[in-house]
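Subject: Structure handover

Hello,

Here is the structure we spoke about, with its sequence. My notes on it follow below.

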Amino acid sequence: MQTNDKLIKLLENDRFAAFVGIELVKVQPGYAVTKMDISEKHLNGVNIIQGGAIFTLADFAFAAASNACGQVTVGINASIAYFQASKGNILIAEAKEVATSQKISNYTVDVFNENKDHIAQLSITGYKKNEKI
């Protein structure tokens with residue numbers, strides 16, 4: 001399945017992802033890569049990247065990968081582990097499908113900086129709605 005125009009429009013319509021500066025790098029069914037250039041707006045009170053910014057980047061990668069399968073999929077459970085504070089200027093999230101069934105999908109999303117330091121990992125479960133993309 002090739003990435004279709006409806007999927008791209010759906011992803012571009014994610015206003016929060018656009019607001020925080022997330023870029024879709026690659027998408028195919030069950031796999032996606034997203035990227036975010038870090039700026040002052042992504043930092044928390046102790047001057048490290050805010051955990052919510054990292055989560056949003058990973059969640060958007062999941063959304064791209066899971067919805068690229070052609071069925072509207074939404075997250076129903078997520079858990080994130082933060083491994084270290086990033087010292088870089090870019091974060092990259094790579095989403096990979098781990099398992100899938102008719103209604104449920106499971107993904108792992110790894111977040112790295114441009115130096116390949118492993119910053120965080122999101123484990124997320126998606127629910128496939130009865131809607132096609």
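A salt bridge is a side-chain nitrogen of Lys or Arg within 4 Å of a carboxyl oxygen of Asp or Glu. Note that this is a predicted model, in which local features need pLDDT of at least 70 and side-chain atom pairs count only at pLDDT 80 or more, while totals for chains, interfaces and linings use all residues. Residues are numbered from 1 along each chain as its sequence is written, and side-chain values use heavy atoms, with hydrogens and water left out.

Salt bridges

Across the whole structure, the search finds two salt bridges. One joins the side chains of Lys 96 and Glu 94, at 3.9 Å from N to O. Lys 129 and Glu 131 form a salt bridge too, with their closest N and O atoms 3.4 Å apart. As for exposure, a residue is buried under 20% relative accessible area, exposed over 50%, and partly exposed in between (1.4 Å probe, protein chains only). Lys 96 is partly exposed at 40%, and Glu 94 is partly exposed at 21%. Lys 129 has 30% and is partly exposed; Glu 131, at 40%, is partly exposed as well.

Pocket and cavity

Both terms rest on a 1 Å grid over the protein atoms alone: a cavity is a set of points where a 1.4 Å probe fits but cannot get out, and a pocket is an open set with protein on both sides within 12 Å along at least five of seven lines. Lining residues have an atom within 4 Å of a point. Grid points are joined across faces, edges and corners, and a volume is the space filled by probe spheres set on the points.

The largest pocket holds about 260 Å³ of space. It is lined by 17 residues, and those closest to its centre are Leu 11, Asp 14, Ala 63, Asn 67 and Thr 73. Helices H1 (5-12), H2 (15-20) and H3 (51-67) and strand E3 (71-82) each give two or more residues to this lining. Helices (H or I, at least four residues) and strands (E, at least two) are DSSP runs, numbered from the N terminus. H3 gives the most, with six residues.

The search finds one cavity of 30 Å³ or more, and the largest cavity has a volume of about 40 Å³. Its lining is made up of Ser 66, Cys 69, Gln 71, Thr 73, Glu 97, Ser 105, Tyr 107 and Lys 128. E3 and E5 are the elements that give two or more residues to this lining.

Regards
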